[in-house]
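Thanks, everyone. Let me put the structure up, and then we'll walk through it.

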Amino acid sequence: MDTRTQERTTTGSRWEEQRSFDELGRALRDETFCVVDLETTGGSAAGGAMITEIGAVKVRGGEVLGEFQTLVDPGTAIPSFIAVLTGITDSMVVGAPRIESALPAFLDFARGSVLVAHNAPFDIGFLKHFAEQQHRAWPRFEVLDTALIARRLVTRDEAPNCKLATLARVFRAGTTPNHRALSDARATVDVLHGMLARLGAQGVHTLDELRTFSSRVSPAQRRKRHLAEGLPHAPGVYLFHDASDRVLYVGTSRDLRTRVRSYFTASETRSRMGEMVGVATGVRGIACATPLEAQVRELRLIAEHKPRYNRRSRFPEKVHFLKLTREPWPRLSTVRQVLDDDADYLGPFSSKKVVERCLAALHETFPVRQCGGRLPRTPSGSACALAEMGRCLSPCDGSVDAETYGAVVARLRDALLHRPEEVVETVNARMAALAEEERYEDAGTARDRLAAFVRAAARTQRLGALSACPEIVAARKEDDGRWAVHVVRHGRLAAAGVIPAGHDAHAWVATLRASAETVRGGPGPIPAATAEESEKVLRWLESPGVRLVAVEGEWTCPLAGAGRHLALYDAASRSRLDLVPFDQRRDVRPVRGPERT
C-alpha cells in the first residue's frame, strides 16, 4: 500500500500561548486532533464520486504526532478538470489501494482522536458513506469544522471569505494549500493552531467551549466559567444567584456541569441570559436521582423564588377554573380556586381568555342561566335578554321547572366529566353553518371555543384520574441499564430514586415507599401539586417502557372522554401555526406536544 506515516517532534510555538490555563472540562492542549483532507472525483459520494487521496496529520498540544497519506484508486477515470485542479491523474493511481483498504488504514490512524476538517461535512460525509458501503461501523468521532469556527471568529475586515487558502494567509500557515490532501491537511493544522491561540485569549480553553464558540459571547461572560467548577456531571437543578443571594434563574439539566458551563460559551446566546450571567456571582446545584425529579424540583423552586429571568412557571397560583355550582339552579362560574364544596370543576386554565372561550362553547350547547348570584327555589324575577333570544331556560321567571332544568345540568356535568360529544357535535354544527354562510371568521371563533373546551376537559379528566390515586409506584429501565423508580401520591412526586446495582429490587422499592413524602389529596380533581408538575409526572408515567409496580386506587380515564378528540385539535393548531407569518405567532401556541430538555 502506498501509505506513509511519518512521526514528527516539531512543536508549534503558537500553542505555548495556551499552556498556562487552568481549565474546566477537556483541555484543548490535552486533546489529540486528527486533521484530515480528501481529494475526490466529484462533489457527492451518493452521486457516485470517489476518493482519490487521503491526507491526515495527527497533533496534540501543538506537537505533530504523525502523518498519513495515500492515493486511492477510484476504480474509474478521473475527470480531466479534476486532474487539472488536483494534479492527480489516472496513471498516478494505478496500483494504489482501493478505498476498501485505504479507509480501514485511515480509521486505525485516527482512532481515539477528534477529527478536524475544513468544511467537515464534505470530508466526513465521504468517509462515512464508504464506511457504510463496506458495512463498517463508524467510530464515534467528535468532529470540528475549521470553516465553521472561522466564520464565527474571523471578521470580514481580515478575510473576504473563509476558504482554506484565504485563512492560510491570515494565520501565516507554513504550508500553502494546493488541492493535495496532505498539503491541505498541514495548512489546516496551522489554521487550527492560529485560531486556537486567538480563542485562548477570549477564554476558550476546552473542547466543549471550542465546539460551541460564538463571537456573540463576551469575554466577561467567558471569564465566569469557573462558576461551574464545583458542579457534578449528574441530572439536577441549578440556581444562578447574585451578590445578595437572590435567585436570578432556575434551570434543569441531565448534566449539571456541562449545562451551566454552556452559559459561558455559544450554547447560550439569548440576550437576557447574557444579562443574567453578567449579574450572577454564583451557581448552586442540586443533584437529583432522575431527570423527572429534576424537572419537578425546577418547577417548585421557580414557584418559590420567582426568579426574574425565568419567564415560565413563576406564578402557578394564577390560574382559573370553571365551576358548575351546587345550588337549586346551578350555573357555570369562573373562579380562582377549588373548594371542597362538592361542586364540579373544569381546569385549571392559565389564561382568562381561554376560560371565556370554553365557557362560550358550553353556553352554546347547554342553555343554563348565565346570571350571577344564587336563586331561591321558587324564583320570582323577570326574563333577561338571553331568555328572549332562546339561549337560557330562564328559571328566573319560572319558565322552566326544576326537573327539566336539572336534566340539562346533568347533561352538562356528564360533558364536563365523561363524554364531551354533545358539545363537540353542537359546536361543529355551528361551525358548518357559519362556513356555509361564508362567515369564516365566526367559524374560526367557534373552532377556538371548541378546542379550548376539549383541551380543558381532557386535562381535567387526566389530572383528576391521577390525583384520585393515593399512590402509584412505577419504574422504567433507563439508557444506562439502571431502573428509575418514582412514587406518586395524589398527583405529586413523593419520592424518586435509582435501584443500585446488586440490590434486591423489592426491598429497595419498599424502603423508597416508606421514606416517601406524606401527601394528602386535594379537593375535587385537583392534584396535590401544581397542574404543571402533575402533567410532567403523567408524561413520564405514560412514556414507553414504564412498568407499574403498585397502584393504590383506580387510575382510569373515561373511554369516551375528551382525550380522544385532542389529536384533531392539536393538528389544527399546528397547521394554523404553519400558515401564520413567523412574526405574528405570539398568540398561536399548540397546548400539547413533545417536552424540551
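Where is histidine 179 placed? Find the loop between helix H6, residues 164-170, and helix H7, residues 181-201; histidine 179 is there. Keep in mind that this is a predicted model.

I start with this residue for its backbone. Phi of histidine 179 is near 65 degrees, a positive value, and the residue is not a glycine. Most residues other than glycine have a negative phi. Histidine 179 is partly exposed, at 39% relative accessible area.

Aspartate 342 is another case. Its phi is positive, about 65 degrees, and again this is not a glycine. Aspartate 342 lies in the loop between strand E11, 332-335, and strand E12. Buried or exposed, then, for aspartate 342? Exposed, because its relative accessibility is 57% and the cut-off is over 50%.

Stay with E12 for a moment. Proline 348 sits in that strand. Most peptide bonds are trans.

Now the sheet. Three strands make an open sheet, ordered E8-E7-E9, with antiparallel pairing. The edges are E8, 247-253, and E9, 282-287, each pairing on one side only. On average, neighbouring strands here are turned by 20 degrees against each other, direction ignored.

Look at E7, residues 236-241. E7 and E8 pair over six bridges, in the antiparallel sense. Glycine 236 stands opposite serine 253 of E8. Across E7, E8 and E9 lies helix H12, residues 291-305. H12 runs at about 170 degrees to E8.

On to the cores. In soluble globular proteins, nonpolar side chains tend to be buried together. The largest nonpolar core here has 33 residues. Which members touch the most others? Leu322, Leu346, Cys358, Leu362, Leu412, Val423 and Phe453.

Among the elements giving two or more residues to this core are strands E10, 320-324, and E12, 344-349. H17, 440-467, gives the largest share, seven residues.

Zoom in on valine 423. Leaving aside neighbours within four places in sequence, valine 423 contacts Ala361, Leu362, Thr365 and Phe366, and also Ala415, Leu450 and Phe453.

There is a second, separate core of 28 residues. Val57, Leu164, Leu182 and Met195 are among its members.

That's my tour. Questions, please.

Notes:
Residues are numbered from 1 along each chain as its sequence is written. This is a predicted model: local features need pLDDT of at least 70, side-chain atom pairs count only at pLDDT 80 or more; totals for chains, interfaces and linings use all residues. Side-chain values use heavy atoms; hydrogens and water are left out. Two strands pair if DSSP finds at least two bridges between them. Helices (H or I, at least four residues) and strands (E, at least two) are DSSP runs, numbered from the N terminus. Axes are lines fitted to C-alpha atoms, for helices over the stretch in contact, and angles run from 0 to 180 degrees between N-to-C directions. Contact means heavy atoms within 4.5 Å. A nonpolar core is a set of buried Ala, Val, Leu, Ile, Met, Phe, Trp, Tyr and Cys residues joined through side-chain atoms within 4.5 Å. Buried means under 20% relative accessible area, exposed over 50%, partly exposed in between (1.4 Å probe, protein chains only).
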